[in-house]
Amino acid sequence: MGDQPVIATNDDASECKRGAVQLGYWTDNYISYFVKHTERRAPEINRGYFARIKSVDSFVQKFISRAGSTAQIVNFGAGFDTLYWRLKDEGVVIANYTELDFPTVTSKKCYVIKRNKPLLDRIYEQDGEVFFSPVDLHSGNYHCLGVDLRNIAQLKDKLNQAQIKFDRPTLFIAECVLVYIESECVNRLLAWISSSFESGFFVNYEMCNINDTFGDIMLGNLKARGCSLAGISQCKNLDTQKGRFVNNGWAGAKAWDMVQVYHSIDATERHRIEKIEFLDERELLVQLFQHYCICVGWLGQDFADFDID
Ligand SMILES: C[S@@+](CC[C@H](N)C(=O)[O-])C[C@H]1O[C@@H](n2cnc3c(N)ncnc32)[C@H](O)[C@@H]1O
């Protein structure tokens, strides 16, 4: 079966995002190009995605405000993520936005971009001509590239093709990705980044506190779909999440579970989304939030003060 079940997690994430967008949790004018099918998910799942999107977006905004137009973003295991287009809608200008995923995923993403003028036009507007190969897309500032993140030599080559500059402030994003990759490979990836980039910030969203009954059920569900959770040992708790940054040459790390993160989101926005769907199992939402986290790591001191609020 190989990597196929892991690749399929992107379809699930994209369907969930589209479903939540349709209900009004947040605005995304682009996700519906990438995913046509949605099934109604439980309100807890929708709130989980809302908290995930809001918190990652908030770090992205902080990073761009500080780094300015020289900022680069590298989105690992980006799947059908639409952040690039959402930033465009906000008029954000950065030096480079590069997305990486398995070639099977990037080839589908490239195909959808090629077929949908609104997606393509957004790239043309600022980033000039767009070049497609079967699994890669290159333009002036936006790149979508097929690579196995376990292969550092290949990754290096792809980032060079994308003209990523190692001396520019770079934001790395991984949303529910590292858990699918063997810990040794994640360690190698993080160590390679810390030894190659001068100034950067990493936002990682994934599981934590998995060593209890709820964690067992959650992991059982994923394993039943054939997903090997090769990196799960680092999701044991917030300390193991932070540990993999500081043990791999990063200057520092912080982590928060999603209960903390959710409460850091603007109260007006929280109250708005809490009215979208009735939640009859509050306890379930809290448990879900306790088992996911945001962990950030930084290189140099330019972004060391970033926090969740
Ligand atoms: C759960 S999906 C998340 C997608 C996206 N980050 C999001 O939040 O919507 C996990 C993604 O990680 C990618 N992935 C996992 N392991 C990978 C690897 N070794 N190399 C490249 N991509 C990988 C999968 O293909 C998939 O698109």
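This is a predicted model: local features need pLDDT of at least 70, side-chain atom pairs count only at pLDDT 80 or more; totals for chains, interfaces and linings use all residues.
Let me begin with helix α5, where V105, T106, K109, C110, V112 and I113 are buried. These residues cover an arc of only 165° around the axis, which puts them on the same side of α5.

How far apart are the end C-alpha atoms of α5? The helix runs over residues 103–115, and at 1.5 Å a residue its 13 residues should span 18 Å, which agrees with the 18 Å that separates the end C-alpha atoms.

Let me turn now to the aromatic rings, for which a search of the whole structure finds 28 pairs. One of them is formed by Y84 and W85, an edge-to-face pair with 5.1 Å from centre to centre and 85° between the planes. Y84 counts as buried because its relative accessibility is 4%, and W85 counts as buried because its relative accessibility is 0%, where the cut-off for buried is under 20%.

Another pair, Y205 with Y292, is stacked, with the centres 5.5 Å apart and 10° between the planes. This pair links distant parts of the chain, since Y205 belongs to strand β7 (residues 200–207) and Y292 to strand β9 (residues 292–299), 87 residues apart. Are these two tyrosines, Y205 and Y292, buried or exposed? Y205 is buried, with a relative accessible area of 5%, and Y292 is buried as well, with a relative accessible area of 16%.

Ring pairs can also join up into a group, and here they link F76, F166, F172, W192, F197, F202, F245 and W250 into a cluster. Rings take part in another kind of arrangement too: the charged end of K62 sits over the ring of F59, 5.1 Å from the ring centre, while the charged end of R270 sits over the ring of Y262, 5.9 Å from that ring's centre.

We come next to the ligand. How many residues surround the ligand, and which are the closest? There are 21 residues around the ligand, and the closest are K17, R52, G77, D101 and L149. If you look at individual atoms, a polar backbone atom of G77 is 2.8 Å from a nitrogen atom of the ligand, and a polar side-chain atom of D101 lies 2.6 Å from an oxygen atom of the ligand. F102 also has a backbone N or O atom that lies 3.4 Å from a nitrogen atom of the ligand.

I would like to finish with backbone angles. Most residues other than glycine have a negative phi. Which loop holds Q163? Q163 lies in the loop between α7 (152–161) and β6 (170–175), and although Q163 is not a glycine, its phi is positive, at about 60°. With 51% relative accessibility, Q163 counts as exposed, because the cut-off for exposed is over 50%. N209, which is found in the loop between β7 and α9 (213–224), likewise has a positive phi, of about 50°, although N209 is not a glycine. N209 is partly exposed, with a relative accessible area of 27%.

Key:
Residues are numbered from 1 along each chain as its sequence is written. Side-chain values use heavy atoms; hydrogens and water are left out. Helices (H or I, at least four residues) and strands (E, at least two) are DSSP runs, numbered from the N terminus. The expected span of a helix is 1.5 Å times one less than its number of residues. Buried means under 20% relative accessible area, exposed over 50%, partly exposed in between (1.4 Å probe, protein chains only). The arc is that of the directions from the helix axis to the C-beta atoms. Rings of Phe, Tyr and Trp (its six-membered ring) pair if their centres lie within 6.5 Å; planes under 30 degrees apart count as stacked, over 60 as edge-to-face and the rest as tilted. A charge sits over a ring if NZ of Lys or CZ of Arg is within 6 Å of the ring centre and within 35 degrees of the ring normal. A residue is near a molecule or strand if one of its heavy atoms lies within 4 Å of it. A polar contact is a pair of N or O atoms within 3.5 Å; within protein, one must be able to donate a hydrogen and the other to accept it, and residues adjacent in sequence count only if both atoms are side-chain atoms.
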